[in-house]
Amino acid sequence: MHDAASLMLKRVDRFVRERIRPAVYRETAAVEITAWSVPDEPVPFAAAMGKDYRPFAVGDEWGPPWGTVWFHIVGQVPSGWAVDGTRPELVVDLGFVATPPGFQAEGTAYTPDGVIIKAIEPANQYVPVGRGAVDVYLEAASNPANAGDFSFSPTVLGDKATAGRDPLYRLNRLELGLLDVEVFELLHDICALVGLARELPTTLPRRAQILRALGRALEALDPDDVAGTAADGRAALAGVLAQPAYASAHRVSAVGHAHIDSAWLWPVRESVRKVARTFSNVLALMEDDAEFVFTASSAQHYAWVQEHHPELFERVKAQVAAGRFVPAGGMWVECDTNLVGGEAMVRQFVTGKRFFIQHLGVEPLDVWLPDSFGYSAALPQIFAAAGSRWFFTQKLSWNQTNRMPHHTFLWEGIDGTRIFTHFTPSDTYNSELSAADLARAERQFDEGGASNTSLIPFGWGDGGGGPTREMLAAAHRTSDLEGSPRTELSSPSRFFEAAEAEYADPPVWSGEMYLELHRGAYTSQARTKRGNRRSEHLLREAELWAALATIRAGEDYPYELLDQAWKMVLLQQFHDILSGTSIAWVHQEVERNYEAIRQLLEFQIGLSLARLAGDGDEEVTFNAGPYWREGAPAFGGAPSGSTGASIVTETEDGFVLENSRVRILVDRRGLIVSARDLDADREVMPPGVAGNVLQLFRDTPTQWDAWDIDAEYAHSGRELLEAESVGLTDDGRAVRVVRSTGASRIVQELSLNDQNGALEILTSVDWRDRQKLLKLAFPFDVHAERAASEIQFGHVYRPTHTNTSWDAARFETAAHRWVHVGETGFGVAVANDVTYGHDMSRTTLPDGRTATTVRLSLLRAPLYPDPGADQGMHEFRVSVLIGAGIAEAIAEGYRLNLPLRRVRGAGPVESLLSVDNPAVVVEAVKLAEDRSGDVIVRLYEAYGSRTSAKLVPGFDWLGVVETDLLERSLSFTAAVISESEREVDLSLRPFQLVTLRFARA
């Protein structure tokens, strides 16, 4: 028999398009529309009432970029619509375009008394109404479709100042419609079967059965009376829909979800509204579907709803208590995990989980990061220390080169902690539960035979919106359908508990989960990254000195101030903000916020230090770092002393920077041609090769401009070797080098640190280039098979070679405050105060030998989504410490990022605490979150070795316990702790993270 399958499917598609979809609404009726255009930024419902609403008609234009128009809709449901099997609805098309939901116009419907009903979006165009009078207010947001078709073309729409004021949209539809429930169900019967038929093998009898049933359904339907014959059409399909799934069918836990970016192609203020729209959509669906469960991450989002829409928050809270609205992740936001510092990553969980526990009475045990750009090897320990059991993501399905070998596995971190992890095999966090998504999950699941369960998050995401009734219709039809995976509406915890029980011995992935994409996110928007780094360290200082001032001087601890600052910093660590991949509006706002945080924290630090220093004229040096510096103890203050002596002399060939440890030769081009370790009597610069070389590369990625650096960049670079001027600074302590490239101007100052001999390079850039990548290169005469990079609470080693495709794909990596390359007994550390993007590689020298080159990525200038990205002034401080091991690299990273503070006062200030082993690093000292006055000390083993140490508090204390990150006493002790009268003995495993809680006397 000939195969007419393709013709049948085309016939069904046309019948659905031309006959069934138009029949979903039996009848329509007009409404009366008036509108008020908000002059500038959005206003709450109460402020929109009583304004000058004017007549408005379908077909009229509305909404400039980023504008808001309030529509008031009144009408009457016709009395003849009181028909069983129907439902009256308000149907709205704001002028939607082809761009996906969440990336264009959207709206929020309210009752006349200000209660949110639900949202209006391209895939969700209805508002339920009663059988009588209709009175609805619709807040419509004219958000520009600045994603376009994701061709990454520069756009002015991402900046309110350049977006213009011309209307973007035209109201296409706003009327009452009578939904025919039987026709709606018929439509989704057909959609489920057509989708399944397209996924099944052509030789399978099941496919032929489905096609025949579809043919019979079309014969049963009258094209001119779909409503009258819909039941007959459904009857023709009932048999094939009732066939149960194969006994061995893959099982899918379908979790309702909406990934809402806290900012991205829209500002934060729009995300506030997106969350409310999405949550209201979900609550409306829960009223109609008793099986529907929804999960949403990010405590910040719930906090926004609580602040701006308290009535909506109470409804969410009720469904949380019922187990149907499930908070996920336990974090303040879904942050970047490569760039966020260790203590800030801790605070994502502390702040997030405390909110969920205090305001919603639940603690998420999963970590939910479906869209962050790769995952640091420090995370398993942090997750576990926060009390979390499971991790979910899917982002590594975006890898360009290598495919992750597992979907369900144990992920092992740098300290050996393992956490149960799942990647959805559907490769999306925005599933529509289509047959294609389900088939992909079954086809790609890598644990077949050992495990047979996966999770699929479904719902419109990125710009929010969430699940729709169409998606729920698909879920119910595939719950037990032959040829399809079994779909069960579920929650994250139910999935993970089942997956753990099913898979007793999963495989292990050890180390970082590097995303082979979005490598430019380590560098884009340098001012945003500087603000984050500085804020993290200022918060450390503010907490430390405030705690000490409370303990020693009786000052009130600034709980509210610190909470306010932390929450803003945590929000701005969202993975599309800190990564530098948002529109101009977002980054301009972020930079203003960081400046406000800086002023706030500097003020607080100043208050605390002044109180600690007391009255007097002696200069006191305060040291917030974990190591003694310039005579000042860690976490204390001492009279300022003299520093060592470094000499800078000018010669015929250039300049010599020298002290007792190193001698650096800088030539007339401002390049380092010699760097000698005087203690080891060893030259570090390879012969005939210079360091401190600025390199400029073409930076035009194939796609994802602000996100990506493509490997091909390396083929089109040039070195900026010539200088406009090279000379001494006015004080004679540094060499000053001036260069230009295009319209950009670069000024460097090279000097030696008097204490440890580090070569410090201050690079100031007036950056005017576009689509260029600026790197700073240092070749070293060391044979390093691997390079160490600092991450949260430790470091990772990465190969400098490209033996495997996994090695080659890591051509750009992230590091925090330092990187280190070395061979047995000798190495070099390169530290920084703001840079994250690095590459470390083997270099072939002119004589055939190899050197190891360290390069820091200073600046980019992508055109999308912010065409003005990184333009303007920047400052980078880099240090090169010759003869350094890992220990010295760690100390140098802290030195560069925690400058000493000098204050006039009465004299020394005793340290808040001391540790006798430099391998044990104290990362945070603060007062407890519960405001009991207990002192919290967070520390970690930094060298990667088993070690012991004595910690001596500089205050009276009654007892100490080890806690989790939320400062709750552990039922077991991860660290070996013993107390004597005045000290705590610690025994730690490599990279172990420990939180101690001291009850104060």
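What radius of gyration does the protein chain have, with its 1001 residues? The value is 31 Å, taken over C-alpha atoms. A compact globule with 1001 residues would have a radius near 30 Å, so the chain agrees with that expectation. The globule rule is 2.2 Å times the number of residues to the power 0.38. The model is predicted: local features need pLDDT of at least 70, side-chain atom pairs count only at pLDDT 80 or more, and totals for chains, interfaces and linings use all residues. Residues are numbered from 1 along each chain as its sequence is written, and side-chain values use heavy atoms, with hydrogens and water left out.

The C-alpha trace spans about 95 × 65 × 60 Å along its principal axes. The protein chain has 18 helices and 53 strands. These are DSSP runs, numbered from the N terminus (helices H or I, at least four residues; strands E, at least two). Buried residues make up 62% of the 1001; buried means under 20% relative accessible area, with a 1.4 Å probe and protein chains only. Among contacts (heavy atoms within 4.5 Å) with a separation of 6 or more, 74% join residues 24 or more positions apart.

Helix α18 covers residues 886-897. Its twelve residues reach 17 Å from first C-alpha to last, close to the expected 16 Å. That expectation is 1.5 Å times one less than the number of residues. Nine of the twelve residues are buried, so α18 is largely enclosed by the rest of the structure. The buried residues include I886, Y894 and L896. E892 and R895 of α18 are also buried.

Definitions and conventions: Buried < 20%, exposed > 50% of the residue type's maximum accessible area, 1.4 Å probe, protein only.
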